[in-house]
Amino acid sequence: MGHRDMIWSRHQPAQLLAWGIRFFLAAALTATQTPGDYAPFALGCVAACGPGAGGIAALLGAGVGAVLFLDFSGALPFLAAAILIFTTAAAFQGLKLLEGPLFHPLAGAGLFLAVSGIYVLQSLSPLRNLAPCLAATALVGISAWYYQPLLQAGGERPEPDSLLFLAGSILLALVDVELAGVSVGRSLLCLLLAYTAYQRGAMTGVAAGLGAGLAADFCSGRGGVLFGAAYGLAGLLAGSRSSGRRIWAALAFWGAAALAALPAGLSTPLLPEAAVGAVLFLMLPGRAFGGKRVMRGETPEFPAALEGMRAQLTRMAAALRALYDSMGRAAPVSTEENPAVVFDWAAEKVCRGCALCELCWQKEYTGTFNALNDATPFLLERGRALAKDFPSYFADRCIHLPDFLTAVNGELSAFLLRRQYRRQLEETRRSARGQYAQLSELLTATAAGLGEVRATAGEADLCRIGAALRPKEGETVCGDTVVSFRTEGGLLCLLLADGMGSGEAARRESALTCRLLEQFLQAGIEPEAAMKTLNAAMALRGAETGSFTTIDLITCRPETGEAAFFKYGAAPSYVKKGGTVRRITGGTLPAGLRGGAAAPDVTRATLEPGSFAVMVSDGVADPGRDEWLQNLLAGWDGEDPQTLAGLILSESVRRENLQDDCGVQVLYLSRESGVKKV
């Protein structure tokens with residue numbers, strides 16, 4: 001055996017293993033498909049492997065994957081693009097051009113676009129098929145860029161970003177594999193995301209979450225950004241708990257995913273999939289984290305990292321806001337199609353060859369026009385045309401009336417379908433724009449809240465809170481809910497929610513509203529953005545349940561007296577200082593009655609030392625005759641907010657006879673607070 005044979009026999013197992021890895025990766029990645037039946041990740045794998053035996057192995061794997069996972073119409077352009085990508089790499093082998101990191105990604109993307117573009121141009125709807133083709137082209141280049149460090153000859157470097165991208169793209173192939181209605185691929189994707197966020201922090205977590213989520217949304221072909229929003233927020237919150245125990249990171253991950261899934265309703269598979277991923281994350285052995293506990297304490301550059309995270313979130317929010325604005329500019333103003341086109345097209349089919357065409361459409365044009373115009377309302381209301389819809393002078397004159405009615409009904413069906421499609425498209429566009437805007441606001445609020453100064457211990461003594469509830473006459477539970485809490489940023493929040501109706505059903509609705517809004521505010525989201533997001537979610541729930549809830553929120557900085565009153569359909573609030581009472585009202589509808597990003601009424605004020613802020617539900621006092629309540633507040637000179645709340649409620653029972661649920665919450669700013677007047 002010669003020296004060359006000895007070297008080959010020594011390296012043969014490793015070489016065969018490397019070829020096998022490339023073969024099976026390309027075959028497996030063919031199962032990850034995007035709208036349009038494209039398999040961009042497999043083509044990215046072929047491009048990243050380059051020329052030589054490794055590239056041949058990837059090309060053969062892509063061919064096997066095409067046979068297993070693609071239909072004939074999708075396999076032909078896929079195999080053509082794969083062969084061209086490998087042939088191009090082989091043709092330029094040995095040149096310095098091939099050594100650049102951009103050659104393989106750009107070549108792969110360009111050749112894919114050249115092949116797939118031909119099929120798009122020859123399709124029946126080239127404009128509709130263009131967007132999926134361009135998106136798949138971008139994924140070919142991006143995947144080739146990330147796969148290169150792992151798959152090129154001599155380049156098996158365990159770069160974390162490349163490994164993360166490769167693992168995510170493989171898991172996307174398992175998205176359609178379900179167990180008990182739960183996607184195996186997305187559950188494992190949640191596990192990977194939770195592990196990555198916990199290991200590498202919030203910045204990497206939110207970036208990986210947004211990338212994985214948007215890829216899952218795109219591969220699903222259903223539109224929207226549900227998984228992008230959920231995974232991005234989950235990665236952010238799980239990464240923010242990277243310095244603590246795993247249980248808190250898992251809970252933060254699932255809670256954030258559940259929060260982002262609210263607009264889609266409780267039936268979305270996102271909730272159980274995130275739960276499975278969180279449980280699997282907790283089941284990972286401790287050695288999988290590689291001494292992370294010892295290394296975590298050595299983070300002297302945390303402030304700089306925090307600032308970088310804030311900048312990253314701000315850029316992401318700006319990108320989403322720009323996308324929201326661009327959708328508003330690009331979308332034309334929706335105009336209804338004129339129903340007259342129904343008769344125009346029907347006349348082209350029937351009247352053009354009729355012997356009376358000149359009489360009806362030239363000499364008696366005005367009469368024909370009036371006859372068709374008079375029949376239009378009946379057609380649109382019924383959905384089909386009958387002979388009795390037309391005036392007798394037109395129906396008796398028309399010698400092809402049955403054929404004309406048949407043509408009109410055919411065109412009318414197409415017209416109604418087009419109108420329904422346009423309206424659905426406009427509603428989908430508005431919904432998507434609203435999702436982009438809300439996600440942008442959430443990221444902006446989160447970035448603004450990073451690094452805020454926390455409240456000091458002494459600030460808790462600057463104010464006191466009192467509350468009182470009474471159910472409607474004949475009910476055992478009150479449908480109103482009152483909540484007060486202080487966020488980690490030192491913001492004092494008072495909530496009062498009034499569910500539709502009374503009794504247990506109203507209590508459940510109001511309690512759910514307060515709980516969700518508290519979670520938003522405790523997460524550091526700005527109150528207005530939190531309320532707009534909650535309103536959009538409740539509008540979707542209300543479409544099924546028909547329920548709605550009024551929301552009354554007071555936020556206050558006790559150390560400065562800065563306060564804000566946020567209202568969705570809530571009763572008036574009152575600010576009392578000495579004998580002076582200010583009445584604060586709003587005109588928006590309750591949460592759940594208006595969809596989209598409807599903003600609440602916001603009134604800002606400065607509470608002076610010794611002043612009260614009072615919030616009540618509409619069962620306490622009719623907004624149209626609440627003079628007695630204003631007089632009671634003006635004449636009261638005590639300092640105990642609980643006593644004042646009880647006094648308001650007892651007087652309300654006497655005057656209103658408990659015709660509705662009653663809720664009162666009172667904030668008192670201490671005279672010793674030292675707040676400076678503004």
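R625 and E656 form a salt bridge, with N and O 3.2 Å apart; the term means a side-chain nitrogen of Lys or Arg within 4 Å of a carboxyl oxygen of Asp or Glu. R625 lies in the loop between β11 (612–616) and α22 (627–635) and E656 in helix α23, so the pair ties together parts that are 31 residues apart in sequence. Helices (H or I, at least four residues) and strands (E, at least two) are DSSP runs numbered from the N terminus. E656 is buried at 7% relative accessibility, while R625 is partly exposed at 43%. Buried means under 20% relative accessible area, exposed over 50%, and partly exposed in between (1.4 Å probe, protein chains only).

The model is predicted: local features need pLDDT of at least 70, side-chain atom pairs count only at pLDDT 80 or more, and totals for chains, interfaces and linings use all residues. Residues are numbered from 1 along each chain as its sequence is written, and side-chain values use heavy atoms, with hydrogens and water left out.

The count of salt bridges comes to 12.

| Pair | N to O distance |
|---|---|
| R186 and E273 | 2.9 Å |
| R625 and E656 | 3.2 Å |
| R655 and E651 | 2.8 Å |

R186 in helix α8 (residues 184–200) and E273 in helix α12 (residues 270–283) are 87 residues apart, and both are buried. R655 and E651 both belong to helix α23, four residues apart, about one turn of the helix. R655 is partly exposed at 40%, whereas E651 is buried at 17%. A network of salt bridges links E504, R507 and R508.

Most residues other than glycine have a negative phi. N657 has a positive phi of about 60° and sits in the loop between α23 (641–656) and β12 (662–669). L658 is in the loop between α23 and β12, with a positive phi near 50°, and is buried at 7% relative accessible area.

The nonpolar surface patch consists of L102, L106, I142, W145 and Y146, with about 490 Å² of accessible area together. Such patches take residues with over 30% relative accessible area and no salt bridge, with like charges joined within 9 Å and nonpolar side chains (Val, Leu, Ile, Met, Phe, Trp, Tyr) within 5 Å; areas come from the Shrake-Rupley method with a 1.4 Å probe, and for residues only the protein chains shown count as cover. Helix α6 (residues 126–151) gives the most to this patch, three residues. L106, in helix α5 (residues 103–122), is exposed at 58%.
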